[in-house]
Amino acid sequence: TLTYNGIYVVGNRGSNWKEVGSAAITANFGTNTFSLSATSTDTTLTGNGIIDNANGRISSNNLVFTDVVMGNYTASTAGNVGSSNGQDITGVWYTNDTAPDFAGAYAVTR
């Protein structure tokens, strides 16, 4: 099990609103799972997903995104475990509504 820390960005796709915050990922390469916890001033993004060890990818369609004004959404993410020996994880995420209200990215390192 490894812990990664870094940056999280979020934007509202219908306006110019955006925020930057922090992200943490705990990756368990034995069980091929990860947990993500990201926060900014007005938002959180949390949940679990799977690690595809063979291809160096992470994914989930069962995250929870919360904005203090707009409320709760389910969200999805896709990302990559990269650098030598899996030093970094980067990914994009978006809310699961029909025309996603929010989207963003994260970059973490151990």
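Reader: How many of the 110 residues of the chain count as buried, and what makes a residue buried?
Author: Buried means under 20% relative accessible area, with exposed over 50% and partly exposed in between (1.4 Å probe, protein chains only). By that cut-off, 37% of the 110 residues of the chain count as buried. Do keep in mind that this is a predicted model, where local features need pLDDT of at least 70, side-chain atom pairs count only at pLDDT 80 or more, and totals for chains, interfaces and linings use all residues. Residues are numbered from 1 along each chain as its sequence is written, and side-chain values use heavy atoms, leaving out hydrogens and water.

Reader: What makes a set of residues a nonpolar core, and which members touch the most others here?
Author: The set must be buried Ala, Val, Leu, Ile, Met, Phe, Trp, Tyr and Cys residues joined through side-chain atoms within 4.5 Å. The largest such core has 22 residues, of which Ile 25, Leu 45, Phe 65 and Trp 93 touch the most other members. Among the elements giving two or more residues to this core are strand S2 (18-28) and strand S7 (88-95).

Reader: What does Ile 25 touch?
Author: Contact means heavy atoms within 4.5 Å. Not counting residues up to four places away in sequence, Ile 25 touches residues including Phe 34, Ile 58, Ile 89 and Val 108.

Reader: How many helices and strands are there?
Author: Helices (H or I, at least four residues) and strands (E, at least two) are DSSP runs, numbered from the N terminus. The chain has zero helices and eight strands.
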